[in-house]
Amino acid sequence: MSSHDAHYGGNLVDGARMLGLFGDVATELCIRMDGDEGLFRAYDSVEFLAPVYAGDFIEAEGEIIQSGNTSRKMRFEARKVIRPRPDVNDSAADVLAEPVVVCRASGTCVVPKDKQRGQR
(Lines give C-alpha, C1' and ligand atoms only; values in the text may rest on other atoms or scores of the structure.)
Protein backbone atom coordinates (compact mmCIF):
# COMPACT_ATOMS: atom_id res chain seq x y z
CA MET A 1 0.00 0.00 0.00
CA SER A 2 1.35 3.40 -0.86
CA SER A 3 1.18 6.58 1.17
CA HIS A 4 -1.62 7.63 -1.21
CA ASP A 5 -3.71 4.72 0.15
CA ALA A 6 -3.44 6.01 3.73
CA HIS A 7 -6.78 7.57 4.60
CA TYR A 8 -6.74 7.88 8.39
CA GLY A 9 -4.37 8.92 11.15
CA GLY A 10 -1.34 6.73 11.74
CA ASN A 11 -1.17 5.88 8.00
CA LEU A 12 -4.16 3.53 8.31
CA VAL A 13 -5.52 2.37 4.94
CA ASP A 14 -9.27 2.50 4.29
CA GLY A 15 -10.84 -0.99 4.26
CA ALA A 16 -12.47 -0.15 0.93
CA ARG A 17 -9.02 -0.52 -0.63
CA MET A 18 -9.20 -4.28 0.08
CA LEU A 19 -12.56 -4.41 -1.71
CA GLY A 20 -10.92 -2.70 -4.69
CA LEU A 21 -8.31 -5.46 -4.76
CA PHE A 22 -11.06 -8.07 -4.59
CA GLY A 23 -12.78 -6.37 -7.53
CA ASP A 24 -9.59 -6.77 -9.56
CA VAL A 25 -9.39 -10.45 -8.59
CA ALA A 26 -13.07 -10.94 -9.54
CA THR A 27 -12.42 -9.37 -12.94
CA GLU A 28 -9.57 -11.80 -13.60
CA LEU A 29 -11.68 -14.78 -12.49
CA CYS A 30 -14.53 -13.78 -14.83
CA ILE A 31 -12.14 -13.28 -17.75
CA ARG A 32 -10.54 -16.67 -17.14
CA MET A 33 -13.92 -18.39 -16.95
CA ASP A 34 -16.02 -16.47 -19.47
CA GLY A 35 -13.72 -14.28 -21.55
CA ASP A 36 -15.46 -11.17 -20.18
CA GLU A 37 -14.91 -8.88 -17.21
CA GLY A 38 -18.46 -9.34 -15.90
CA LEU A 39 -20.15 -7.07 -13.38
CA PHE A 40 -19.83 -7.23 -9.61
CA ARG A 41 -23.37 -7.56 -8.25
CA ALA A 42 -22.96 -7.67 -4.46
CA TYR A 43 -20.87 -8.69 -1.51
CA ASP A 44 -22.58 -11.20 0.81
CA SER A 45 -20.00 -10.91 3.55
CA VAL A 46 -17.01 -8.70 4.35
CA GLU A 47 -14.77 -9.17 7.39
CA PHE A 48 -11.98 -6.72 8.21
CA LEU A 49 -9.68 -8.78 10.40
CA ALA A 50 -6.49 -6.74 10.88
CA PRO A 51 -5.37 -3.18 10.15
CA VAL A 52 -3.51 -2.31 6.96
CA TYR A 53 -1.03 0.58 6.89
CA ALA A 54 0.80 2.49 4.19
CA GLY A 55 3.92 0.48 3.38
CA ASP A 56 2.29 -2.91 3.93
CA PHE A 57 2.44 -5.38 1.05
CA ILE A 58 -0.88 -7.14 0.46
CA GLU A 59 -1.59 -10.26 -1.60
CA ALA A 60 -5.19 -10.87 -2.63
CA GLU A 61 -6.62 -14.04 -4.09
CA GLY A 62 -10.00 -15.49 -4.84
CA GLU A 63 -11.79 -18.43 -6.30
CA ILE A 64 -15.12 -19.17 -7.94
CA ILE A 65 -16.96 -21.45 -5.54
CA GLN A 66 -20.25 -21.76 -7.43
CA SER A 67 -21.27 -21.08 -11.01
CA GLY A 68 -24.82 -20.51 -12.23
CA ASN A 69 -26.19 -19.62 -15.65
CA THR A 70 -24.80 -16.08 -15.44
CA SER A 71 -23.74 -15.74 -11.79
CA ARG A 72 -20.34 -16.53 -10.33
CA LYS A 73 -20.18 -16.85 -6.54
CA MET A 74 -16.67 -16.01 -5.30
CA ARG A 75 -14.64 -16.09 -2.10
CA PHE A 76 -11.72 -13.72 -1.45
CA GLU A 77 -8.88 -13.34 1.03
CA ALA A 78 -6.26 -10.61 1.45
CA ARG A 79 -3.06 -11.16 3.42
CA LYS A 80 -0.34 -8.84 4.65
CA VAL A 81 2.99 -10.42 3.65
CA ILE A 82 5.48 -7.58 4.24
CA ARG A 83 5.43 -4.72 6.72
CA PRO A 84 7.55 -1.57 6.80
CA ARG A 85 10.18 -1.04 9.50
CA PRO A 86 10.47 2.75 9.91
CA ASP A 87 12.18 2.11 13.27
CA VAL A 88 15.17 0.73 11.30
CA ASN A 89 15.17 3.29 8.46
CA ASP A 90 12.75 4.89 6.02
CA SER A 91 13.02 2.10 3.43
CA ALA A 92 13.42 -1.00 5.64
CA ALA A 93 10.81 -3.75 5.54
CA ASP A 94 10.37 -7.30 6.83
CA VAL A 95 8.80 -10.31 5.16
CA LEU A 96 6.40 -11.76 7.72
CA ALA A 97 7.13 -15.33 8.80
CA GLU A 98 3.38 -16.01 8.58
CA PRO A 99 1.09 -13.85 6.43
CA VAL A 100 -1.61 -12.00 8.36
CA VAL A 101 -5.15 -12.32 6.99
CA VAL A 102 -6.45 -8.76 6.89
CA CYS A 103 -9.77 -9.24 5.06
CA ARG A 104 -12.12 -11.98 3.86
CA ALA A 105 -15.18 -11.55 1.70
CA SER A 106 -17.61 -13.36 -0.53
CA GLY A 107 -19.72 -11.99 -3.33
CA THR A 108 -21.36 -12.56 -6.66
CA CYS A 109 -20.45 -11.41 -10.14
CA VAL A 110 -22.67 -11.66 -13.19
CA VAL A 111 -21.53 -12.28 -16.74
CA PRO A 112 -24.44 -11.71 -19.16
CA LYS A 113 -25.09 -14.77 -21.31
CA ASP A 114 -24.46 -12.87 -24.56
CA LYS A 115 -20.99 -11.88 -23.32
CA GLN A 116 -19.83 -15.34 -22.23
CA ARG A 117 -17.28 -16.90 -24.53
CA GLY A 118 -16.88 -20.23 -22.76
CA GLN A 119 -13.21 -20.01 -21.74
CA ARG A 120 -13.77 -22.62 -19.02
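1. Setting aside neighbours up to four places away in sequence, T108 makes contact with L39, F40, R41, A42, D44, S71, R72 and K73. This residue sits in strand β6, which covers residues 93–110. T108 counts as buried because its relative accessibility is 15%, and the cut-off for buried is under 20%. Please keep in mind throughout that this is a predicted model.

2. Stepping back to the chain as a whole, you will find one helix and six strands. Along the sequence they come in the pattern β-β-α-β-β-β-β. The C-alpha atoms occupy a box of roughly 55 × 25 × 25 Å along the principal axes. Of contacts between residues at least 6 apart in sequence, 68% link residues at least 24 apart.

3. Now the sheet. Four strands form an open sheet in the order β3-β6-β5-β4, and their pairing is antiparallel. Its edges are β3 (39–48) and β4 (57–67), each of which pairs on one side only. On average, neighbouring strands here are turned by 25 degrees against each other, with direction ignored.

4. Strands β4 and β5 are joined by 10 bridges in the antiparallel sense. If you want a residue pair to look up, E59 stands opposite R79 in β5. The helix α1 packs on this sheet and touches β3, β4, β5 and β6, while its direction makes about 45 degrees with that of β4.

5. Which residues of α1 are buried? They are M18, L21, F22, V25, A26, L29, C30, M33 and D34. These buried residues pack against β3, β4, β5 and β6.

6. The length of α1 also checks out. With 19 residues at 1.5 Å a residue, the helix should span 27 Å, and its end C-alpha atoms lie 26 Å apart, so the two values agree. Just after the helix, G35 adopts a positive phi of about 70 degrees.

7. The largest nonpolar core holds 19 residues, and M18 and I58 have the most contacts inside it. Elements contributing two or more residues to this core are α1 (16–34), β5 (71–84) and β6. The biggest contribution comes from α1, with seven residues.

8. M18 deserves a look of its own. Not counting residues up to four places away in sequence, M18 touches M1, V52, I58, A78, V102 and C103. I58, one of these partners, is the other residue named with M18 for the most contacts inside the core.

9. As for the surface, the chain exposes about 7200 Å², of which carbon and sulfur atoms supply 48%. Buried residues account for 32% of the 120 residues.

10. One backbone detail to check is N11. Its phi is positive, about 65 degrees, although N11 is not a glycine. Most residues other than glycine have a negative phi. Where does N11 lie? It is in the loop between β1 (6–8) and β2 (12–13). N11 counts as partly exposed because its relative accessible area is 46%, which falls between the cut-offs of 20% and 50%.

Key: Residues are numbered from 1 along each chain as its sequence is written. This is a predicted model: local features need pLDDT of at least 70, side-chain atom pairs count only at pLDDT 80 or more; totals for chains, interfaces and linings use all residues. Side-chain values use heavy atoms; hydrogens and water are left out. Buried means under 20% relative accessible area, exposed over 50%, partly exposed in between (1.4 Å probe, protein chains only). Contact means heavy atoms within 4.5 Å. A nonpolar core is a set of buried Ala, Val, Leu, Ile, Met, Phe, Trp, Tyr and Cys residues joined through side-chain atoms within 4.5 Å. Two strands pair if DSSP finds at least two bridges between them. Axes are lines fitted to C-alpha atoms, for helices over the stretch in contact, and angles run from 0 to 180 degrees between N-to-C directions. Accessible areas come from the Shrake-Rupley method with a 1.4 Å probe; for residues, only the protein chains shown count as cover. The expected span of a helix is 1.5 Å times one less than its number of residues.
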